[in-house]
Amino acid sequence: MLSTTNTEQLFGLACSGNIKALEDFWNKQGDLNVTYEKFGNKHSLIMGAFRNQQYDTVTWLKNHGCRLTDEEQKEIDIEYMRIKTIGLLASDVLKS
């Protein structure tokens, strides 16, 4: 198990898109599927990268075993449905 300090550092690396440092950690320690607890909630590295628009880092983390928490997955599912609905509504606008 990682210390809180190490987890916080990893979260910072994910949020800033530092794939090289994440890769160095992964090569030495392996598991990056950790959560960082702040404000009473658990946050995955992958969601930290996503919320900070570090999309290449999201892809890298996903390909290296990182997963969303259950709550984060629900948030993403809602956002996905929102985007699909916007697409549906936009297609009606484009037809007129």
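Predicted model: local features only at pLDDT ≥ 70, side-chain atom pairs only at ≥ 80, totals over all residues.

**Exercise 1. The overall fold**

Determine which helices and strands the chain has and in what pattern they follow one another.

*Solution.* Step 1: the chain has five helices and two strands. Step 2: read along the sequence, these elements give the pattern α-α-β-β-α-α-α. Step 3: of the 96 residues of the chain, 25% count as buried. Step 4: among contacts between residues at least 6 apart in sequence, 58% join residues at least 24 apart.

**Exercise 2. The surroundings of S44**

Locate S44 in the chain, decide whether S44 is buried or exposed, and list its contacts beyond its neighbours within four places in sequence.

*Solution.* Step 1: S44 belongs to strand β2, which covers residues 41–44. Step 2: the relative accessibility of S44 is 1%. Because buried means under 20%, S44 counts as buried. Step 3: when neighbours within four places in sequence are set aside, S44 is in contact with F11, V34, T35, R67, L68, T69 and E72. Step 4: with one of these residues, E72, the side chain of S44 forms a polar contact of 2.5 Å.

**Exercise 3. The second largest pocket**

Describe the second largest pocket by its volume, its lining residues and the elements that supply two or more of them.

*Solution.* Step 1: the second largest pocket holds about 170 Å³ of space. Step 2: its lining consists of I46, M47, F50, V58, K62, C66, R67, L68, Q73 and I76. Step 3: the elements that give two or more residues to this lining are α3 (45–51), α4 (55–63) and α5 (70–95). Step 4: the largest share, three residues, comes from α3.

**Exercise 4. An aromatic pair**

Classify the aromatic pair formed by W26 and W60, and explain which parts of the chain the pair ties together.

*Solution.* Step 1: the count of aromatic pairs comes to three. Step 2: one of them is formed by W26 and W60, with 6.4 Å centre to centre and 80° between the planes. Step 3: planes over 60 degrees apart count as edge-to-face, and the pair of W26 and W60 is edge-to-face. Step 4: W26 lies in helix α2 (residues 19–29) and W60 in helix α4, so the pair ties together parts that are 34 residues apart in sequence. Step 5: W26 counts as partly exposed at 33% relative accessibility, whereas W60 counts as buried at 12%.

How values were computed: Residues numbered from 1 in each chain as written. Heavy atoms only, no water. Helix = DSSP H or I, 4+ residues; strand = E, 2+ residues; numbered from the N terminus. Buried < 20%, exposed > 50% of the residue type's maximum accessible area, 1.4 Å probe, protein only. Polar contact = N/O pair within 3.5 Å; in protein donor to acceptor, adjacent residues only side chain to side chain. Contact = heavy atoms within 4.5 Å. 1 Å grid on protein atoms, 1.4 Å probe; cavity = no way out; pocket = protein on both sides within 12 Å on 5 of 7 lines; lining within 4 Å. Points joined across faces, edges and corners; volume = space filled by probe spheres on them. Phe/Tyr/Trp six-rings, centres within 6.5 Å; stacked < 30°, edge-to-face > 60°.
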